[in-house]
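Subject: Handing over a structure

Hi,

Here is the structure I promised to pass on. Please have a look at it first, and then read my notes below.

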Amino acid sequence: MSDDIVRYVRQARDAGDPGALAAPIPYARFMGIGARLVDGELLGTMTFGEQLVGNTALPALHGGTLGALLESTAIFQILWEAQTVVLPKTINLTVEYLRSGKPVDTWAKGTITRLGRRVANVRAEAWQEDRGRPIAIASAHFLIVPVEEPAT
Amino acid sequence: MSDSDPNDRAAVVTRLAELNRTFSQVVPHNRALGLEMVELTDSAARVRLPWRADLVGNPATGVLHGGVITALMDACCGAAVFMALPRPRPIATLDLRIDYLMPAAPHEVVLARAECYKVTRNVAFVRGVAYHDDESRLIASAAGAFMLGTKRGSRRSEAAGE
C-alpha cells in the first residue's frame, strides 16, 4: 500500500500534474474530486454533478460533499508538500458552512499551518465563482509518517 | 412524542413518512451514497450505509473515504434536528466536527445515530456517532450546530445578508 502511494505521489510530482494524486481513489471519481495546478498553486476541484445535490428546491450542494472536498484538498496538499509514505489519516475535521453551494464547480485550497513529526494541521477553504466569498472552510488534523521513518 | 392525541399521532406519522421519503428519495446525494433511514424518534435518527467499492478512499485497504462518513453524519444529524423541531422549519448546517476513531471495516455496513439534545429559538445542537454492529465499535463521533428557520433552507442566509 505504501509503495502504491509513494509511486502515485512521485508520478504526480515528476509530471508536475497533481491529477495523479486523486486518480487512484475510487471515491474521488464518484464525487468528481480532483487536484490541479493553477498558476503554480495546488487546488482541489469538485466538478458539479447531480449526485452532489442535497437540496433540489434551491438547488444546493449537500453539506457532506463540501466536507469531502475540503478534507480531500487538505490531503492532496500534504501529499504534494510533505514527504509521507502513507496516506495521511484524518484525526478530526471541523467544517463551517458559510454560504449555500450552488450547482456549479467548486474549488478549494488547503494550507498546512503546522507540519510536525506525527501531525499535520491544515486549513482549507472552498469557493465557487468568487474566491473572496468562500462557501465553506475547514480545519483538520492528520496523522502522517515522514518518509525517513518506518511506517509502523 | 406523546401518543395521547390521535390527531397528533397521525400528524407525526405523516411527517415521518414525508421525512423518510425526502431523505432517501428527494435528496440526490443521500440516494447516490445509498443512505437508508432506518429509525426516527422524538429527536433522534438512525441511518444505514452499505459498503460500496466506489466509495472507497484507499484502494489498498478498501476503507471508506472520510468524506462518506462526513456526509452520513451531516445527513443523520440534520434528520435528528428535524425530528426535534415542534413544527417543520428549514434548517442549515452551521458547523460540523467529526472525530475519526477507527477506519470503517471494508465490506461492512456502517450505521449512524444522531440525537438533537438542545433546541433554542435560532439554533439546534446535535451529536452523533458512526459505528459497526453495535455502538461498541465506533468509527466516528460528530458534533454540530444547525441554524433554524433559514430562508428557503439556504445556508447562513441571514448572516450573509443574502
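At what angle do helix 4 of chain A and helix 3 of chain B pack, and how far apart are their axes? The angle is about 150° and the axes are 8 Å apart. (Axes are lines fitted to C-alpha atoms, for helices over the stretch in contact, and angles run from 0 to 180 degrees between N-to-C directions.) The two helices, helix 4 of chain A and helix 3 of chain B, are therefore roughly antiparallel to each other; angles under 35 degrees count as roughly parallel, over 145 as roughly antiparallel, 65 to 115 as roughly perpendicular and the rest as oblique.

Some conventions before I go on. This is a predicted model, in which local features need pLDDT of at least 70 and side-chain atom pairs count only at pLDDT 80 or more, while totals for chains, interfaces and linings use all residues. Residues are numbered from 1 along each chain as its sequence is written, and chains are lettered from A and ligands numbered from 1 in the order in which they are written.

On the chain A side, the contact is made by Gly63(A), Gly64(A), Thr65(A), Gly67(A), Ala68(A), Glu71(A) and Ser72(A) of helix 4. Helix 3 of chain B brings Gly66(B), Gly67(B), Thr70(B), Ala71(B), Asp74(B) and Ala75(B). Residues are in contact if their C-beta atoms, placed from the backbone, lie within 7 Å. By class, this helix contact has 3 nonpolar, 8 polar and 2 charged residues (Ala, Val, Leu, Ile, Met, Phe, Trp, Tyr, Cys and Pro count as nonpolar, Asp, Glu, Lys and Arg as charged, and the others, Gly among them, as polar).

Helices (H or I, at least four residues) and strands (E, at least two) are DSSP runs, numbered from the N terminus, and two strands pair if DSSP finds at least two bridges between them.

Where the chains join, 5 bridges link strand 5 of chain A to strand 5 of chain B, and these strands run antiparallel. Val95(A) has Leu96(B) as its bridge partner there. Within chain A, 8 bridges join strand 6 (residues 106-115) to strand 7 (residues 119-127), and Thr111(A) stands opposite Arg123(A).

As for the whole interface, the contact takes 37 residues from chain A and 37 residues from chain B. The largest share of the chain A side, 8 residues, comes from strand 5 of chain A. That side has 18 nonpolar, 14 polar and 5 charged residues.

Chain A itself has 4 helices and 8 strands, in the pattern α-α-α-β-β-β-β-α-β-β-β-β along the sequence. Its C-alpha trace spans about 50 × 25 × 25 Å along the principal axes.

Two local points are left. A cis peptide bond, with omega about -15°, joins Leu58(A) and Pro59(A); Pro59(A) is in the loop between strand 3 and strand 4 (60-61) of chain A. Asp39(A), in the loop between strand 1 and strand 2 of chain A, has a positive phi of about 50° although it is not a glycine.

Best wishes

Conventions:
Contact = placed C-beta atoms within 7 Å.
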